[in-house]
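Visitor: I would like to learn how to read a ligand shell and a nonpolar core. Could you take me through a case?

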Amino acid sequence: MEREAHTPPGLPVVGNLPRLARDPLRFLTGVQNAYGNQYPLVRVDPPVGQSVTVVLDPELAHEILADRARFRRPSVGVQEQRRQGLVSSDGALWEQQRSVLDPEFVGGRLAEYAEIAGETLEETLTEWPESGTVDLFEELSILTMRVITRSLFSRDTDRERGERVHEALATLNDEFDASVFDLLLPERLQSGVSSEFEAADAVLDSVAAEFVDWHLDHEDPPRDVITALVDAKADPDIELSENELIDQTVLFMTGGQETTALTIAYAFYWLSQNPKVKERVRAEARDVLDGGRPGWADLSELTVTERVVRETLRLTPAAWNVSREPREPLTLAGTQLDEGEFVMLPIYAHHRDRRAWSDPLTFDPDRWGTTASRGDDAYYPFGSGPRVCIGRQVALTEAQFALAHVLQHYDVAVTADELDLQPSVTLRPSGPLEAEVSALD
Ligand code: HEM
């Protein structure tokens, strides 16, 4: 529905939608630093269609994320509009889904996933060349896909399937990249979905269907995310649609795999730029793991590695923004917002806010050991509030393990001096992320 653009008095209008769409990272960081000390919110002017309200005050961002009664998640992207799953559901359905799935991400389950991550890493590393150039993002996508499917769906993923899913996601992201700000245009101007998109979507469907069918055909399938969903389906109080099993599986597979692979890949980039820190991670890994594979008990001892992961998620957060929309007209920080108005919470810009961080553009993992140079509210790579990322501990464990285990056996040097980032559904590199790898043993 077309909405009339309006600018309430007092709320500054900064730039316009085409500028935001052209280079969102630069635009949002610039606005954050220029206006953040004066205004909690600003509005980006739309030439047509609806405006975008950008939240500059990180504390306000947390308030919005905590307030499910007044704000909902808009369906951003075709995948979310098409699929019913935890990422896209709302209201009572979301509550049901989250309560069914939460127990799969606590306590002993996390320890089990950690062991699976360690085993999978050890196996996957045996497939790496003794030395050579690899597309690091692709290699790590294959790794994280394996870890996700083994942990959450009790099924293995071979290299070929990992590559197919990686390619399908690249196609879906390219499409989204072209259409991200289409969402904000009146419907008549929005572009449709291409045949490449449909084909990539079908790849995800068929991979997910294999996992789901295996569970349905199996008399006594192992306890995992798909079993939890199947059991919930049998509960008369819980309504799940027929397609939901496949949709949930696709959303977990894609949501968990790509973001984690990006985080590990970017950590290797930052370590390549900071060789002394890389040596500290390697020394810690050798000390704690002594050449063996990492396990749950090692996690708390990999402290330098943990700070590297945190700092990577600050400077290059795989989820570079989250968004919300008011359920009905409301007042936010003194500003009137319409129902359905697009409210953007720019995680990337908050993570680089000059007021919140000392030396914000410097990769400094040691800032996490002190309180002086970290901007607590201005750090939320996994979101916050009731819809905070359900897989955050899985992702953090896997990233820590991957850095530690790889670096005790390999040197990894990302060749590019600068990252060329493409803010799409996730924050992806614009092309292959090449790295020279060489075995150390
Ligand atoms: C470094 C890796 C990851 C990052 C940066 C990340 C980031 C996020 C963020 C920012 C949100 C909140 C979105 C919002 O509030 O609108 C989210 C939600 C979610 N994430 Fe992650 N995520 C990561 C890994 C994972 C993994 C490994 C899984 C699965 C095991 C996962 C599954 C989900 C799901 C299902 C939701 C929706 C939760 C809900 O709405 O209740 N994520 N993630």
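This is a predicted model: local features need pLDDT of at least 70, side-chain atom pairs count only at pLDDT 80 or more; totals for chains, interfaces and linings use all residues.

Visitor: How many residues surround the ligand, and which are the closest?

Guide: The ligand is surrounded by 22 residues, and the closest are Gly256, Thr259, Gly383, Cys389 and Gly391. Two elements give two or more residues to this shell: helix 11 (244-273) and helix 15 (392-409). Helix 11 supplies the largest share, 6 residues.

Visitor: How do the residues of the shell divide by type?

Guide: The shell around the ligand has 12 nonpolar, 7 polar and 3 charged residues.

Visitor: Now the loop. Is Ser88 buried or exposed?

Guide: A residue counts as buried if 20 or more other C-beta atoms lie within 10 Å of its own. Ser88 has 22 within 10 Å, so Ser88 is buried. Ser88 sits in the loop between helix 4 (78-82) and helix 5 (91-101). Between Ser88 and Gly255 the separation is 167 residues in sequence and 12 Å in space, C-alpha to C-alpha.

Visitor: What should I expect of nonpolar side chains?

Guide: In soluble globular proteins they tend to be buried together. Here the largest nonpolar core has 112 residues. Those with the most contacts inside this core are Val54, Val55, Ile264, Ala265, Ala267, Phe268 and Leu403. The largest share of the core, 15 residues, comes from helix 11.

Visitor: Which residues does Leu403 touch?

Guide: Leaving out residues up to four places away in sequence, Leu403 touches Ile264, Ala267, Val281, Thr305 and Val308.

Notes:
Residues are numbered from 1 along each chain as its sequence is written. A residue is near a molecule or strand if its C-beta atom, placed from the backbone, lies within 6 Å of it. Helices (H or I, at least four residues) and strands (E, at least two) are DSSP runs, numbered from the N terminus. Ala, Val, Leu, Ile, Met, Phe, Trp, Tyr, Cys and Pro count as nonpolar, Asp, Glu, Lys and Arg as charged, and the others, Gly among them, as polar. A residue is buried if 20 or more other C-beta atoms lie within 10 Å of its own, exposed if 12 or fewer, and partly exposed in between; C-beta atoms are placed from the backbone. A nonpolar core is a set of buried Ala, Val, Leu, Ile, Met, Phe, Trp, Tyr and Cys residues joined through C-beta atoms within 7 Å. Two residues are in contact if their C-beta atoms, placed from the backbone, lie within 7 Å.
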